[in-house]
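Work through the exercises below with the sequence and the coordinates open. Each task is followed by a solution in steps.

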Amino acid sequence: MREYGANPAAHASRYPTGSLAFPHRHLLGLAGLAPHELLFLLDEAEQWVELNRQPEKRVSVLRGLTIINAFFENSTRTLLSFELAGKRLGADVVNMSVATSSVKKGETLIDTALTLNAMRADAMVIRHGSSGAVRLIADKVDCPVLNAGDGQHEHPTQGLLDALTIRRALRNRGRTEFNGLKVTICGDILHSRVARSNIHCLTTLGADVRVCAPPALMPEGIEQLKVTAFHDFVAALEGAEVVMMLRLQNERMQGSFIPSPREYRHLYGLTLERLRHAAPDALIMHPGPMNRGVEIDSNVADLPKRSLITTQVEMGVAMRMTCLEVLTRKARGMPGWNGDAWA
């Protein structure tokens, strides 16, 4: 059986080696990461895709390490993905139940962070409903912290897994680069941390990203993120090679942002008719969970060979394995991962 772990052969010297390949203690967001850092993580993930397709899916890379998944905001899909990732790497994984946590009893976030730190975890995965909460925790603990989504800020592993999904699909079509790739992201851009992480990731890798939303759901100044903004969905779809739909973030909305789900579908739902304005073989994505019949029709979501929605779920486990493995390399004393870059 092959050895899994650091995968230098995959990188073909496209970027520095050792800790310089990814010189960050935490993964709190994708904004500001260099192209070679993103490509490093994408390349590292390929081995875990391979492992997850084998009958024996467990390795001992993180044996003896403890990972705490502290989800202050519910997300069954993301929590399950991180739990599988940690266990398949051989770590001991503990899920923190927010419903019974001391936070519900009035404990401050800083006190919770200090309590978690005292338990001497080797890595923490944090999800929180407030932007910046994960960074606050990261500043108070001694171990690497991985952001599983914070408020309207970022969801970095989702952006990475989406990039991995796209790259593998492009390779199957004989294309190897993101440069010039036309990507349309449509939906609740204002509240979506998924959109922000995808924008940071894809534009850094050279893609041409368009965002489309009703005026009330389009952030002011979004063009500063090097995207082109549209309110007309058909115009945004013209020639798009990847179409990524977003769920309406109803739980984060205060007030009325759309007249009704029916009206939203009429203007911004991805139907077969609208899809014809995109490239003939445009790929279809959705981070889930989907509101079928609102942001996307079932006959579009289930299109064979073009819908990547279930592939995104598969890539999610592999990418989260990658992030956990890379962020714990210093703690495991891997050669080349104890330098100044980790200070």
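**Exercise 1. The surroundings of Leu270**

Task: find which residues Leu270 is in contact with, leaving aside its neighbours within four places in sequence.

Solution. Contact means heavy atoms within 4.5 Å. With that cut-off, the partners of Leu270 are Phe233, Leu237, Val243, Met245, Leu275, Ile284, Glu295, Ile296, Asp297 and Val300. A second, separate core of 18 residues includes Phe72, Leu109, Ala133 and Val134. A nonpolar core is a set of buried Ala, Val, Leu, Ile, Met, Phe, Trp, Tyr and Cys residues joined through side-chain atoms within 4.5 Å. Buried means under 20% relative accessible area, exposed over 50%, and partly exposed in between, with a 1.4 Å probe and protein chains only.

The model is predicted: local features need pLDDT of at least 70, side-chain atom pairs count only at pLDDT 80 or more, and totals for chains, interfaces and linings use all residues. Residues are numbered from 1 along each chain as its sequence is written, and side-chain values use heavy atoms, with hydrogens and water left out.

**Exercise 2. The largest nonpolar core**

Task: state how many residues the largest nonpolar core has and which of them have the most contacts inside it.

Solution. The largest nonpolar core has 97 residues. Those with the most contacts inside this core are Leu27, Trp48, Ile185, Val211, Val243 and Leu270. Helix H11 (residues 309-327) gives the largest share of the core, ten residues. Helices (H or I, at least four residues) and strands (E, at least two) are DSSP runs, numbered from the N terminus. As background, nonpolar side chains tend to be buried together in soluble globular proteins.

**Exercise 3. The buried face of H3**

Task: list the buried residues of helix H3 (residues 109-118) and say where they lie around the helix.

Solution. The buried residues of H3 are Leu109, Thr112, Ala113, Leu116 and Asn117. Seen down the axis of H3, these residues fall within an arc of 135°, so they line one face of the helix. The arc is that of the directions from the helix axis to the C-beta atoms. Next, look for the cover: it includes strand S1 (66-71), strand S2 (92-97), strand S3 (123-128) and helix H4 (133-138).

Ala118 is also found in H3, but at 59% relative accessibility Ala118 counts as exposed. From Ala118 to Thr66 the separation is 52 residues in sequence and 13 Å in space, C-alpha to C-alpha. H3 is followed by Arg120, whose phi is positive, near 55°.

**Exercise 4. The annotated site**

Take Thr78, which lies in helix H2 (residues 76-88). Thr78 is buried, with a relative accessible area of 9%. Its side chain makes a polar contact with the side chain of Ser75 (3.0 Å). A polar contact is a pair of N or O atoms within 3.5 Å; within protein, one must be able to donate a hydrogen and the other to accept it, and residues adjacent in sequence count only if both atoms are side-chain atoms.

Now take His155, in the loop between strand S4 (145-150) and helix H5 (156-172). His155 is buried at 3% relative accessible area. Its contacts beyond four places in sequence include Thr78, Arg127 and Ser197. The backbone nitrogen of His155 lies 2.9 Å from a polar atom of the side chain of Ser197. Ser197 lies in helix H6 (residues 193-204) and is buried, with a relative accessible area of 0%.

Finally, the peptide bond from Gly288 to Pro289 is cis, with omega near -10°.
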